[in-house]
Amino acid sequence: MKNASLIILMLLLQLTPVVSIGLDKTEVKLYQVKKGHNSQAPTLLLLSGPTDNWHSDLAWWILGQNYLAQDYSTLAIERAGQGFSEPIKNPSYTDFGQRLRKILTLQKTPVIIVAFASSNLSVRLALRDPIAANKVRGVVLLDPDVLTVHSIEHYTGESENFRKNWDKLEAFIASGKYQERIQDKIAAEKADLDTIISDDLAEFMDWQQYHDYELLREKSSYQIRKFKEITAYKSDLENAKLSPIPKSIPVVILDSDFETGYLEKIQDDKFKQSISQWRDEGKQQFFAMAQGHKCSAYWPVDTQEHLLMFTHPQLIEAAVRRLINC
C-alpha cells in the first residue's frame, strides 16, 4: 500500500507547479505553492528553514500559508534539493540566495519576505542585489540565525562533523541503517504538531499534504540530499554574516524562546552555557537590527515553541500589516 501511495505521489508531482531558475547556465526546477489573492497588497514570499531534525521543506508552512492566504497572495518556494524541488550537486543557502535574487527580480508586484529559521541566510545574500532589494517592501524573520562568532561555532559543531565525514555518512544512510531512526524522528515531528496546533487553528492544517512530505522524508535519497546541504552550513553562515539586510528595507523579527526549552533537557553545563550565550546574543543582535529603519521592530514571543507558523500565524500577519501600514 505504501508503494502504491508513493507511485501516486510521483505521478502527481509531474503536475506540480515549479519555477525554473537558471544559475551558471543551468536550470533548476524549484517547487512552489501559490495560495490566496490580494492585488492591493504585496505578495508574501514564504521561505522555510530547518528544525531539530534538519528538515527544511515547505511542510512547515502548510498551516501558516493557509492562514495568511485568507487575506494575501502568498508564494512559498523550496530550495534546490529540499522538499519537491529538483536536487543539485552542491545545495546550500548560498546557492538559493542567488536563485532567490533572480526570483525577486522577476516579481511584477512588491514582495514581503517571511523567512523561517536559517532561510534568513539566503535572504541576506539575495538582497545584496539592488534590483532584487528594490522589489522587497519588508522582511519578517521568524527565529533567524544569529550571526556572531560564538553562535556560528555553536551551530556548526554537528554540521562540520557531517562535512568532514561525508563519505561515511552518505554510505551509512544509503545502506538503510538510518531508516529506523529517521522514521522515529518523523513520527515524533508529527506527534509534536498534533500537540501544538490549537483547536481554533486546526481548520487551516492540511494533514494529507503533510503526509506527502512524510513519505518524501522517509526516503534515504532525500535524507542524503538534506544532509548534503548541511555540510555547507558554516560557509553559508559566514557568507551571510558579511551581507546585512539593507537599512532601506524594514525588518520585523519574531523571536521565540525556543532555546530555553533545550536547557531543560541538557545535563552538560558547558553546552548549557553555550545555548544561553547563543540565546542572549540573538536578543542583542535582533534588537540592534530593528534600529535600522523606523518601520522595523523586534518582537520577543513568550513561547518555547519554535514553529511559530503553526502556533502564532496571527502574529506573523500582524508583522506583515505593520510593514504594509507603516
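1. At the start of helix H3, a side-chain oxygen of Ser92 comes to within 3.4 Å of the backbone nitrogen of Thr94. This is a polar contact (a pair of N or O atoms within 3.5 Å; within protein, one must be able to donate a hydrogen and the other to accept it, and residues adjacent in sequence count only if both atoms are side-chain atoms).

2. The model is predicted: local features need pLDDT of at least 70, side-chain atom pairs count only at pLDDT 80 or more, and totals for chains, interfaces and linings use all residues. Residues are numbered from 1 along each chain as its sequence is written, and side-chain values use heavy atoms, with hydrogens and water left out.

3. Helix H3 covers residues 93–106, which is 14 residues. Helices (H or I, at least four residues) and strands (E, at least two) are DSSP runs, numbered from the N terminus. From first to last C-alpha, H3 reaches 20 Å, close to the 20 Å expected at 1.5 Å a residue; the expected span is 1.5 Å times one less than the number of residues.

4. Several residues of H3 are buried, including Tyr93, Phe96, Leu100 and Ile103. Buried means under 20% relative accessible area, exposed over 50%, and partly exposed in between (1.4 Å probe, protein chains only).

5. The structure holds 10 salt bridges, each a side-chain nitrogen of Lys or Arg within 4 Å of a carboxyl oxygen of Asp or Glu. One of them joins Asp95 to Arg99, with the closest N and O atoms 2.8 Å apart. Both residues lie in H3, 4 residues apart, about one turn of the helix, and both are buried.

6. In helix H15, Glu317 and Arg321 are likewise 4 residues apart, about one helical turn. Their salt bridge has its closest N and O atoms 3.8 Å apart. Glu317 is buried at 11% relative accessible area, whereas Arg321 is partly exposed at 38%.

7. Asp280 and Arg279 also meet in a salt bridge (3.3 Å, N to O). Asp280 is partly exposed, at 32%, and Arg279 is buried, at 18%. Elsewhere, Asp57, Glu189 and Arg217 are linked in a network of salt bridges.

8. There is 1 disulfide in the structure, a term for a pair of cysteine sulfur atoms within 2.5 Å. The disulfide joins Cys295 to Cys326, with S to S at 1.9 Å. Cys295 lies in the loop between helix H13 and strand E8 and Cys326 in the segment after helix H15, so the link ties together parts 31 residues apart in sequence. Cys295 is buried, at 5% relative accessibility, while Cys326 is partly exposed, at 48%.
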